[in-house]
Amino acid sequence: MGGGPRTFPGGLSKWQYKRMHEKLAREKEQRLLQQEKQIYQARLRAEIRAKVAGKSTSNDYPGASAPAGRMSSKEHIKALADRFMKQGAEDLWNKDDGPIRTKTNPRPPNLPPPRPLDLRKTGSEKRGSIGSLEHRRHFSRWSRNTSSDEDEVGESDSVSHSESGLLKNFWSRDGRAVEDLRSSRFSIGSQNYEKDRKKMSGAALRNYDVKMNKRRAPRPDIEGSQLSEEIKEFRQEMRNRASVETGINQQAANEESILTQKRFDEHDISPLTIKALSSAGYINMTVVQEAALPLCLEGKDVLVKAKTGTGKSAAFLLPAIEAVLRTSSTNSTHRVSPIHVLIISPTRELAIQLAAEANVLLRYHDRLGVQALIGGTRFKLDQRRLEENPCQIIVATPGRLLDHIENKSGFSVRLMGLKMLILDEADHLLDLGFRKDIEKIVDCIPRQRQSLLFSATIPKEVRRISQLLLKRDHIFVDTIGFGLIETPEKVFQSYLVAPHELHFYLVYQILKEHMNEMADYKVIVFCTTAMVTAFIYVLLRDLKMNVREMHSRKPQLYRTRISDEFRESKGLTLVTSDVSARGVNYPDVTLVVQVGIPSDREQYIHRLGRTGREGKAGKGILLLAPWEEYFMNEIKDLPIKRCQLPELSSDIKHKVEQSVEKIDLSIKEAAYHAWLGYYNSITDIGRDKTTLVELANRFCQSIGLDRPPALFRKTALKMGLKGIPGINIRK
Ligand SMILES: Nc1ncnc2c1ncn2[C@@H]1O[C@H](COP(=O)(O)OP(=O)(O)OP(=O)(O)O)[C@@H](O)[C@H]1O
């Protein structure tokens with residue numbers, strides 16, 4: 001990736017250049033991790049000093065007056081400590097952490113809270129001023145390398161924040177997994193703990209301990225044997241505080257709006273766009289718009305992470321329009337009109353939606369236009385539209401865009417004037433499935449451009465790769481914030497574990513109950529693959545439910561029609577594959593059901609994010625087979641509760657069985673093949689092929705097949721399933 005010319009500064013080859021950037025990124029990451037460590041240590045010191053002085057620090061929120069969404073200082077310390085427990089951060093706690101010097105450098109553990117770093121405020125409350133921008137930038141930089149999958153180690157009974165460092169030491173040195181740290185060996189008060197604490201406590205700050213000389217002399221009354229008692233006390237206090245604050249946050253969440261006080265017209269946005277925004281009812285900005293818009297308008301490259309349904313689309317469409325306006329006014333004498341902005345979307349429905357939203361914002365700009373180029377439509381039709389209605393903004397899916405670039409019709413010439421590249425759902429586009437296409441596309445557009453990357457999830461690996469698309473001085477805007485939950489606050493999340501045989505009964509029962517509860521229901525049922533989607537759709541339709549189906553095997557015209565219908569309606573259930581998982585904005589979805597494990601943690605978050613949009617309430621249910629329960633580890637930091645299996649009435653069972661029987665054999669066979677293919681492709685499933693085939697055969701029975709359908713020899717070979725007991729090969 002990298003785009004543009006194939007020779008790079010310093011006569012480096014593309015790959016040398018890429019490696020050099022990767023190295024620089026790694027070094028930068030290291031520096032930032034070290035900074036985090038210093039912040040953590042400074043906080044601990046502040047706590048200790050305040051404790052020794054017998055003071056409570058200023059931000060010790062007195063119960064109900066704690067600002068909503070803020071982290072208490074103790075939570076913050078705990079979060080920082082947890083941060084260092086994470087895999088990949090172990091290198092923080094080694095060479096610079098000298099031997100233990102308990103006597104000279106005691107670490108009193110019963111720590112009152114210091115001033116909290118209010119992560120939400122950095123993203124949303126300090127508005128407008130240069131100061132707030134700087135603050136945000138600082139936060140963005142500070143929050144680098146903190147991904148959201150914090151585990152609960154710090155909160156568990158085994159450790160408190162001050163111990164985390166000790167445990168980290170142990171972990172990094174012995175190379176053990178975090179789970180080991182939770183073992184009784186380290187529980188407070190145990191003999192081993194005391195021994196290890198003496199050996200390692202203090203995790204001497206050494207080079208980092210910049211205030212060592214200035215610090216007061218240690219007080220004997222907070223040393224030694226009292227230490228573990230005080231740790232216990234501190235932990236208890238932390239738990240009490242956490243429960244009070246959970247209550248407060250809950251209340252605040254119920255009142256939350258995604259809008260801020262900042263208005264669009266306070267920014268350098270053209271009056272015609274402001275007029276269009278007002279007509280569409282957009283007056284105030286959302287948090288992500290307030291945080292990202294000024295940077296995008298300034299011409300910076302940005303990587304933006306913000307929760308689902310919080311208005312990311314407008315946050316990049318507005319700068320896109322401004323970029324076109326700026327460029328159009330400077331050069332207006334082109335024979336073919338150049339494309340100034342290219343927006344790439346992973347799915348067709350999302351591309352259509354973005355083009356529609358851009359059209360709304362362009363309503364009063366007569367000479368500006370946007371077009372969607374997506375697969376599943378006639379290529380010639382695209383070409384005709386491009387000729388007849390010149391446009392400056394293109395929204396495209398990667399495959400169709402490449403078709404246009406590779407076709408010798410002059411499309412790539414039009415791309416030479418590109419000023420801005422936008423990747424919506426950037427983490428997905430930079431994932432293995434799309435990365436090659438994105439690399440090819442980026443190779444065909446100018447290097448001198450602004451790049452904007454947006455998503456609700458940005459895993460660490462993606463952040464690293466994204467640096468190859470972004471300029472070195474790009475800014476990472478994270479409006480979710482380190483240690484805070486990545487899913488919409490008002491969505492109640494639960495999961496059920498039941499054998500495959502019960503899944504279809506349960507889906508039917510869950511839907512029926514929800515429909516009885518909510519007159520204006522609007523439900524999305526996510527299935528693992530297109531053919532499993534088709535099966536569940538036919539089943540629910542036969543059960544007389546008002547359902548629609550949406551997946552990649554359906555013609556595009558049909559998909560667009562269903563998508564439009566679902567957007568407008570109430571009292572409808574959409575059974576879909578992951579084509580609807582990301583970005584699509586169906587207002588007022590009341591329930592999202594996920595049947596089977598999603599492909600990864602990110603996909604879970606995006607699917608769930610189809611409900612609870614714009615700060616509204618919603619419900620999410622994940623239905624797993626017992627062997628799929630391992631997935632819960634990936635989302636254990638999310639507020640998801642296990643639910644008891646409901647009583648299934650004999651009437652429900654009877655009806656479902658009857659409907660399953662009626663389903664076409666070809667649909668069942670296709671569902672089995674697709675199921676096998678999907679789970680076979682998930683690498684971290686941790687099952688050997690024989691067990692997987694056994695599980696597939698159980699699924700097979702659940703869809704009413706007596707015998708697993710045969711696979712083509714070639715397919716079985718490709719899937720590594722040839723010769724596995726239980727696999728039938730087609731003669
Ligand atoms: N400033 C605003 N004022 C009012 N409504 C807004 C504003 N910005 C966005 N919205 C509305 O919020 C909803 C969600 O917006 P959008 O689809 O852009 O979310 P998103 O963050 O891109 O979600 P996802 O992560 O699922 O792609 C839309 O209905 C949009 O119209």
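Visitor: Which residue stands opposite S494 in β16?
Guide: S494 stands opposite K641 in β16, where strands are DSSP runs of E with at least two residues, helices are runs of H or I with at least four residues, and both are numbered from the N terminus. Residues are numbered from 1 along each chain as its sequence is written. This is a predicted model, in which local features need pLDDT of at least 70 and side-chain atom pairs count only at pLDDT 80 or more, while totals for chains, interfaces and linings use all residues.

Visitor: How many bridges join β10 to β16?
Guide: Strand β10, residues 491-497, is joined to β16 by three bridges, and the two run parallel; strands pair if DSSP finds at least two bridges between them.

Visitor: And what order do the strands of the open sheet have?
Guide: The order of this open sheet of seven strands is β12-β13-β11-β14-β15-β10-β16, with parallel pairing. Because β12 (547-550) and β16 (640-642) stand at the edges with a single partner strand each, one side of each is left without a neighbour in the sheet.

Visitor: Changing topic, is β4 buried or exposed on its faces?
Guide: Both faces of β4, residues 341-344, are covered, since V341 and I343 on one side and L342 and I344 on the other are all buried, that is, 20 or more other C-beta atoms lie within 10 Å of their own, with C-beta atoms placed from the backbone.

Methods: A residue is buried if 20 or more other C-beta atoms lie within 10 Å of its own, exposed if 12 or fewer, and partly exposed in between; C-beta atoms are placed from the backbone.
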